[in-house]
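I am opening a notebook on this structure. The entries below record what I looked up, one topic at a time.

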Amino acid sequence: MRRRLVGAILIGAIASIAVAWVCAGWGKLGPCVISSHDDETFRSWDGLGTTLRSFERRSSPAYTSVDWRVGWPIRCVHCTTLVFGFLALPNRAADVRGAVRVPAWTASSTTFTVDTDMLGDKYLPVRPLVAGFVIDTLFYATIAFVVLFAPGGLRRVHRRRRGRCISCGYDRQGLALGAICPECGKELSIG
Ligand SMILES: [Zn+2]
């Protein structure tokens with residue numbers, strides 16, 4: 001039981017990150033919500049499993065900071081970027097934290113985009129947001145536990161291990177992998 005719990009939690013943690021990165025790569029951001037005060041502008045975008053917020057300051061020292069959070073159902077990892085100078089200028093120096101750089105083809109055009117393709121590089125957030133990470137991990141761990149270890153699932157795993165038909169329990173020893181079960185007629189691989 002303990003091993004199963006640990007296994008489910010591990011699967012939950014991996015699933016949280018995997019889902020977050022899928023949201024990062026393919027989650028479409030909705031329209032930009034802008035609010036400005038004097039020389040400061042807040043922008044925010046929301047999408048399925050992805051949230052981008054930026055703060056731009058135009059008076060000296062001008063900079064833009066961006067916080068990108070991904071994850072579903074709760075945002076569980078994030079990264080931040082500090083861009084020095086005006087957002088409109090090319091070749092801005094940028095300080096990206098809590099992210100890994102990824103090949104451009106792995107991500108859609110929405111990935112880490114401010115206005116248009118802010119930095120040219122693509123990133124995936126890796127810094128955990130503790131509360132979100134815990135909630136997402138428990139969420140996926142629960143699903144993993146129910147799917148893998150519910151009584152029916154357990155019985156199927158057990159039958160498969162013992163080389164029996166996972167549908168009816170007939171001993172399949174000597175039968176080809178894809179062969180139809182002589183007992184119940186189901187064509188089931190026991191791999
Ligand atoms: Zn069978």
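**Entry 1: G7 and helix α1**

I began with G7, which is partly exposed because 15 other C-beta atoms lie within 10 Å of its own. The classes I use are these: a residue is buried with 20 or more other C-beta atoms within 10 Å, exposed with 12 or fewer, and partly exposed in between, the C-beta atoms being placed from the backbone. G7 is found in helix α1. Its C-alpha atom is 8.9 Å from that of A144, although G7 and A144 are 137 residues apart along the chain.

**Entry 2: What kind of model this is**

I note that this is a predicted model, in which local features need pLDDT of at least 70 and side-chain atom pairs count only at pLDDT 80 or more, while totals for chains, interfaces and linings use all residues. Residues are numbered from 1 along each chain as its sequence is written.

**Entry 3: The chain as a whole**

I looked up the secondary structure and found three helices and nine strands in the protein chain. Helices (H or I, at least four residues) and strands (E, at least two) are DSSP runs, numbered from the N terminus. From that end the order of elements is α-β-β-β-β-β-β-β-β-β-α-α. The protein chain has 191 residues, of which 24% count as buried. I also looked up contacts, meaning pairs of residues whose C-beta atoms, placed from the backbone, lie within 7 Å. Among contacts between residues at least 6 apart in sequence, 44% join residues at least 24 apart.

**Entry 4: How α1 meets α2**

At what angle do α1 and α2 pack? Helix α1 (residues 2-26) and helix α2 (residues 130-149) pack at about 125°, and their axes are 7 Å apart. Therefore α1 is oblique to α2. Axes here are lines fitted to C-alpha atoms, for helices over the stretch in contact, and angles run from 0 to 180 degrees between N-to-C directions. Angles under 35 degrees count as roughly parallel, over 145 as roughly antiparallel, 65 to 115 as roughly perpendicular, and the rest as oblique.

I then listed the residues that make the contact: α1 gives R4, A8, I9, I11, G12, A13, A15 and S16, and α2 gives F133, D136, T137, L138, Y140, A141, A144, F145 and F149. Sorted by class, the contact has 12 nonpolar, three polar and two charged residues. In this sorting Ala, Val, Leu, Ile, Met, Phe, Trp, Tyr, Cys and Pro are nonpolar, Asp, Glu, Lys and Arg are charged, and the others, Gly among them, are polar.

**Entry 5: The largest nonpolar core**

In soluble globular proteins, nonpolar side chains tend to be buried together. A nonpolar core is a set of buried Ala, Val, Leu, Ile, Met, Phe, Trp, Tyr and Cys residues joined through C-beta atoms within 7 Å. The largest one here has 16 residues, and A20, W21, A24, W68, V70, C76 and V77 touch the most other members. I find that α1, β4 (63-70) and β5 (77-84) are the elements giving two or more residues to this core. The largest share, five residues, comes from α1. For A20, I set aside neighbours within four places in sequence and found contacts with G49, V70, G71, C76 and V77.

Is R75 buried or exposed? R75 counts as buried because it has 22 C-beta neighbours inside 10 Å. Its place is in the loop between β4 and β5. Not counting residues up to four places away in sequence, R75 touches T51, R69, V70, L129 and G132. The C-alpha atoms of R75 and T51 are separated by 8.0 Å.

E56 is found in strand β3. With 20 C-beta neighbours inside 10 Å, E56 counts as buried. Its C-alpha atom is 5.6 Å from that of E40, and E56 and E40 are 16 residues apart along the chain.

**Entry 6: Backbone exceptions**

Most residues other than glycine have a negative phi, and most peptide bonds are trans. D38 is not a glycine, yet has a positive phi of about 50°. D38 lies in the loop between β1 and β2 (40-47). D38 is exposed, with 8 other C-beta atoms within 10 Å.

P73 is in the loop between β4 and β5.

How values were computed:
Two residues are in contact if their C-beta atoms, placed from the backbone, lie within 7 Å.
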